Amino acid sequence: MVFSMRARDYRAVARERLQGQWGTMILLSFVYSLIVNAISFISGIGMYIIGGPLIVGLALAYLKVIRGDKPEFNDLFSGFDRFGGNLTTYLLHTLYTFLWSLLFIPIFIKPFSYALTFYIRVDNPDIGADDAITLSRQMMDGYKWKLFCLRLSFIGWAFLSILTLGIGFFFLTPYMEAANAAFYEERKREWNSGQTI
C-alpha cells in the first residue's frame, strides 16, 4: 500500500488553506467548545441531542477551508437541517465506540475506524447513520495508523499550548481540525478512484 501524503504534508495543506481563515475558524471552534461544554455541564443528555448536528456543522466548515471555499459562522449550525440523521449518527457512533471498549479493544482502534463518519455525512447527507459509520470503517481499513501518526505529530504543539496557559489551543485546534479534513479529502480521492461514495 502506497501512502502519497505524510503528516507533514497534511499540516502544510492545513496551514496553506487556513491563510485568511484563521479568525473565522478560531471563532467557530471556540463557539463549538463553548456550546458543548455549557450543555454538558447543564445536561449530559443535552450533549447527546446537539452533539451530532454540531459536529457535522464543524466538519462542513473545515471541509470548506480545505476545498478552498469560504466558511461562514452559520455553517456550525447547518447540521440541524438534517437533525434526525445527524443525531442518530452521533448516538450510534458513541454507542459503537463504547461497546467495543467493553471488549477491551485498544481504545484508539475504533475511534480511528469511525473518524471519517461526520465528513461522510457532510458529503452524503442522505446516507443512513449506520451506513456512514460502516463506510468510515471501510475507508479507514489500513489507514488507522496513518491518521494516528498525523494526530501524534501535533503533540509538541499541544505541550507549547499548555505552556501558554491554554491560549495556544485557540490556534492549535483549527490547525489540527484542518489537517484532519485534509486527511479525509485525500482518503476520499483514493477511495473514489476505485469506488463511489
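Keep in mind that the model is predicted.

Let's start with the helix pair. Helix α1 covers residues 7-18, and helix α8 covers residues 144-152. Their axes lie 9 Å apart. The packing angle is about 60°. Angles of 65 to 115 degrees would count as roughly perpendicular. The two helices are therefore oblique to each other. As for handedness, α1 passes α8 in a right-handed crossing.

Which residues of α1 and α8 meet? From α1, they are A7, Y10 and R11. From α8, they are K146, C149 and L150. By type, that contact has four nonpolar residues and two charged ones, with no polar residues.

Now the salt bridges. How many does the structure hold? Eight. I'll take three examples.

Example one is E16 with R17. Their side chains meet in a salt bridge, at 4.0 Å from N to O. Is E16 buried or exposed? E16 is exposed, because its relative accessible area is 53% and the exposed class starts over 50%. R17 has 31% relative accessibility, so R17 counts as partly exposed.

Example two is E185 with R67. The closest N and O atoms of this salt bridge are 2.8 Å apart. Where do the partners sit? E185 is in helix α10, residues 169-192. R67 is in the loop between α3 (44-66) and α4 (83-102). So the pair ties together parts that are 118 residues apart in sequence. What about exposure? E185 has a relative accessible area of 13%, and the cut-off for buried is under 20%. So E185 is buried. R67, at 32% relative accessibility, counts as partly exposed.

D123 lies in helix α6, residues 117-123, and K188 lies in helix α10. So this pair ties together parts that are 65 residues apart in sequence. D123 has 23% relative accessibility and counts as partly exposed.

Now put the last two examples together.

To recap: α1 and α8 are oblique to each other, and their crossing is right-handed. E16 pairs with R17. Thanks, everyone.

Conventions. Residues numbered from 1 in each chain as written. Predicted model: local features only at pLDDT ≥ 70, side-chain atom pairs only at ≥ 80, totals over all residues. Heavy atoms only, no water. Axes fitted to C-alpha atoms, helices over the stretch in contact; angles between N-to-C directions. Helix = DSSP H or I, 4+ residues; strand = E, 2+ residues; numbered from the N terminus. Parallel < 35°, antiparallel > 145°, perpendicular 65-115°, else oblique. Left-handed = near helix turned anticlockwise from the far one by under 90°. Contact = heavy atoms within 4.5 Å. Nonpolar A, V, L, I, M, F, W, Y, C, P; charged D, E, K, R; others polar. Buried < 20%, exposed > 50% of the residue type's maximum accessible area, 1.4 Å probe, protein only.
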